[in-house]
Amino acid sequence: MSTVTTTTSVHAPSVGTGHTRVEGRDKVTGAARYAAEVPFAGLAHGWLVLSTIARGRIRALDTEPVLAMPGVLAVLDHRNAPHLNTDYAGLLGKPDPTCAVFQHDRVPHLGWPVALVVAETSEQAREAAEALVVHYEQQPHDVELTSDHPGSHPLDGHMPAVTEKGDLDARLASSTFVVDAEYTTPEEHHNPMEPHAATARWDDGRLEVTDSNQGVTWVAGELQNLFSLDPASVRVRSEHVGGGFGSKGVRAHQVAAVMAATVLRRPVRVALTRRQMFTLAGHRSPTIQRVRLGADAEGRLRALEHRSVSRTSTFHEFVEPSTGAARVMYDADAHHTANHVVPLDVPTPTWMRAPGEAPGSFALEAAFDELAEKCGIDPIELRLRNEPETGPVSGLPFAGRNLAACFREGARRFGWADRDSRPGVRREGRWLLGTGTAAASFPAGSAPSTATATAHPDGTFTIRISAADIGTGARTALALIAADALQVAPERIRMRIGDSDFGPAMIAGGSMGTRSWSWAVKAAAGELRERLALGADIPAQGLTVRSDTTEAVQALRPAERHSFGAQFAEVAVDVTTGEVRVRRMLGIFAAGPIVNPLTARNQLLGGMVWGISMALHEEAARDRASGGVVGADLAGYHVATHADVPRIEADWIEDTDPDDPVGIKGLGEIGVVGAAAAVANAVWHATGVRHRSLPIRPDRVLTAAAGAPDA
C-alpha cells in the first residue's frame, strides 16, 4: 500500500491553454495503428461484391468457379450466410437493413452488397470478387428527387417533422416585405481520410472486433443484437480513427467480417475502397428547401416558413432535418417548419457533419440576406433586430445566446462598417469583389456516460472511457479535464479510450462527445482526488473510482443549449471564366469554455473549409440511367484543396452557462454551419446575382452573367 499526493504546489490550470495532441508523436511516426493496420495471426481478407443494378432481384450467383480460384476460402451470400436479428431498436432506432447483409435476394439500389468473397490475401479476395458472376432480374428504378414527388411525406427524426404556430398566410399578406424562394443543396459524401475497415475474430468464445468507428459501445450493442449474442461476449476496440463525420457507425463491412469469422473460425478483415464508401458509408441527402419570410417596415419578422424535402431509401427512413435551424434562430408571429422525405432507389442517407444545420443554414441565411436587401437594412442589423427572447418553437429559455456578441466582434475584426452595401460595385482588375455574412448555431447536448479514474502507486493516473477520438483531439481534451480535476500536471495522466470493455459512453457525434465524456471524467477524477485527500491507500493494482452521469444529465434544467457563431466571407468572382475565389473568412463563435484552444481552432477552421467546399465544389451527381454516383472517387468528387483555402481565422468570445455543471459546448460541427451561406451571400454582393443552388459552379456563374435570372 502507498499514498499519492495529487498536488505539491499551486496547480496551474491545464484547461484553456494550448496543448499538442498526446498521441501526436505516435501518429506522425506511424506508431499509431489504424483499423486496417493492426496485425493478426492467420488473418483472412474479405471483399464485398456489390450489385450492378439499381433495383430487382438476384436470380443466381456462379460461385463454384470463384471457390476454385487460388486462396479463396468462402463465398457468403443470401443462400448460406448466418441469419441476423433485425427486430430491435438500438441506440439510434431500428437498424438500417444495409448492414444486415445477405438476408434476402432483393436489390434496392445500385451497389447493394450481394456477396462476400474471403481469401488468404486481399489481392486474391479482390480478384475473386471481381470474377463472381451474378445474374439479376432487373426492375425499373427512380433516383430523382423533386419537390412535388408523389411519395413525399413528413418524417420525424430526432425532432418532430412539423411545427406550426400562427396564421402564416395572414401574416405574409400583411407583411411589408416578403421573400419566397427555393434553395437546393446536392448529395454530399463524408470521405474521411481513413477508409472504413474492421477485423473480427473469436477468442475463447468471445467476439472481438477491431474497427474504425465513432462509438465502440454503440457498435458492440448493434452487433450483440444483430447476432443475438450475450452483451458480455462482444468486445469492440477502435483506438485511432482517421475521421468519421457521421459515417462511421454500424455498416455492412463490420457485419460481413463477423459473419465470415464465425463461419471460418479465424480472423477476417473487411475494408472498403474509396469507391465502395460512396455506396456503403451513407451520405448527406440532397435537399429542396422553400423559405418564406415576411417582415414589417422595420424589418421585424411577422411570418417564417421553412420547408425541406430530402430523400431516403425505399427500405429505411432517414430524414435530413434542415428546418431545425429555423426553430432556433428566429421567431415570428406565424412560424411554420416541416421536414419531408421522398423514398427513392438509393442508399440510405445518414448523419453528416452538422446534419440538418449545414444545408438548412444555407437556405435560411441566404433568405435572410434577401430580406435584408428588400428591407434596405444591413444584414447584421436585420439579424440583431430579430433576436428571439426564448426558443421560437420550444419556448424554453436560452442557456446563453451570445450570437449578437459574435456578430459585433466579427464585424469589428472583419471591417464590416467599411462595406458598401451596393452589389456589383467593387472591382479589382477582372475580379468583382463582395462580402457576406451568416449566423450559425448547433445544439449543445449531453448524454449519459461512464468513466473510471485510477491512481497508481508511482504517482500517475489512468483514465478509461469508451470515447472516440475521430480527429477532434478528444483524447487530449479529456487528459486536460482529468488533470485539472485531480490538480496534477497533464503529463501524469494516461488516457485509455476506444474500448467497449470500459463501459457505456456517448458516441462521437452531434457535437456531444467531449461534453458528455468530460462530465464523466470530471466526476470520476474529482471523487478519486477526494479519496486521496482523505488519505486513502493505493494498492499495487491501483485505486479506481467509477462514475456514471445518467442521473446528473437527466437532472439538467431544460433549456435551449446551443453554440452560436457569426460567419464572414470575402470573395472575388471572374464573370468571364465563372471562377469564384474565397479571399478571406472569419468566424467568431460562442461555444462555452474552450478546453484546448489549439485543437478547438483546428476544428473550427476545418468546418469553415468544409463550408467553402460546400459552397463551391462538393456535388455528387447521380446518373438517372444507372442509379449510381458518377465519378465516385476523389477525382470526380471535388473538395476544396490548398489552392482553394484562403486566409481563415476562427476565434471565440466568452460564453458561460451558470446552470450547467460542465459548461463545455460542442464545436466540431458549428464551423461548417452558415459558412456556405456567407460565401453565397458574398457572391451576390460581388455580382448582384443570387445563387440559390449549391455548389456555385463556374457554369452557373457564367449562365447568370449572361443575363439569366437568379441561379
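This is a predicted model: local features need pLDDT of at least 70, side-chain atom pairs count only at pLDDT 80 or more; totals for chains, interfaces and linings use all residues.
Residues are numbered from 1 along each chain as its sequence is written, and side-chain values use heavy atoms, with hydrogens and water left out.

Let's begin with a sheet. Seven strands form an open sheet in the order E3-E5-E1-E13-E10-E11-E12, and their pairing is mixed. Each edge, E3 (72-76) at one and E12 (234-237) at the other, has a single partner strand, so one side of each is left without a neighbour in the sheet. From one strand to the next, the twist averages 20 degrees. Strands of a sheet pair through backbone hydrogen bonds, either parallel or antiparallel. E11 (residues 206-211) and E12 run parallel, joined over four bridges, and Val-209 has Val-236 in E12 as its bridge partner.

Two helices lie across this sheet. Helix H6 (residues 252-264) lies across E1, E3, E5, E10, E11 and E13, running at about 30 degrees to E10. For such angles, axes are lines fitted to C-alpha atoms (for helices, over the stretch in contact), and the angles run from 0 to 180 degrees between N-to-C directions.

Now for another sheet, an open one of four strands in the order E21-E20-E19-E22, again with mixed pairing. E21 (493-497) and E22 (543-548) stand at its edges, each with a single partner strand, so one side of each lacks a neighbour in the sheet. Neighbouring strands are turned by 15 degrees against each other on average, direction ignored. E20 (residues 461-465) pairs with E21 in the parallel sense over five bridges, and Ile-463 stands opposite Met-495 in E21. Helix H12 (residues 474-486) packs on this sheet and touches E20 and E21, its direction making about 135 degrees with that of E21.

On to the rings. The structure holds 10 aromatic pairs, meaning rings of Phe, Tyr and Trp (its six-membered ring) with centres within 6.5 Å; planes under 30 degrees apart count as stacked, over 60 as edge-to-face and the rest as tilted. One of them joins Phe-278 and Tyr-637, with centres 5.7 Å apart and planes at 75 degrees, so it is edge-to-face. The partners are 359 residues apart, with Phe-278 in helix H7 and Tyr-637 in the loop between helix H15 and strand E25. Phe-278 is buried at a relative accessible area of 2%, and Tyr-637 is buried at 2% too; buried means under 20%, exposed over 50% and partly exposed in between (1.4 Å probe, protein chains only). Elsewhere, ring pairs link Phe-407, Phe-414, Trp-416 and Phe-568 into a cluster.

Thr-350 counts as buried because its relative accessibility is 7%. Leaving out residues up to four places away in sequence, Thr-350 touches (heavy atoms within 4.5 Å) residues including His-190, Arg-251 and Glu-320.

Technical notes:
Two strands pair if DSSP finds at least two bridges between them.
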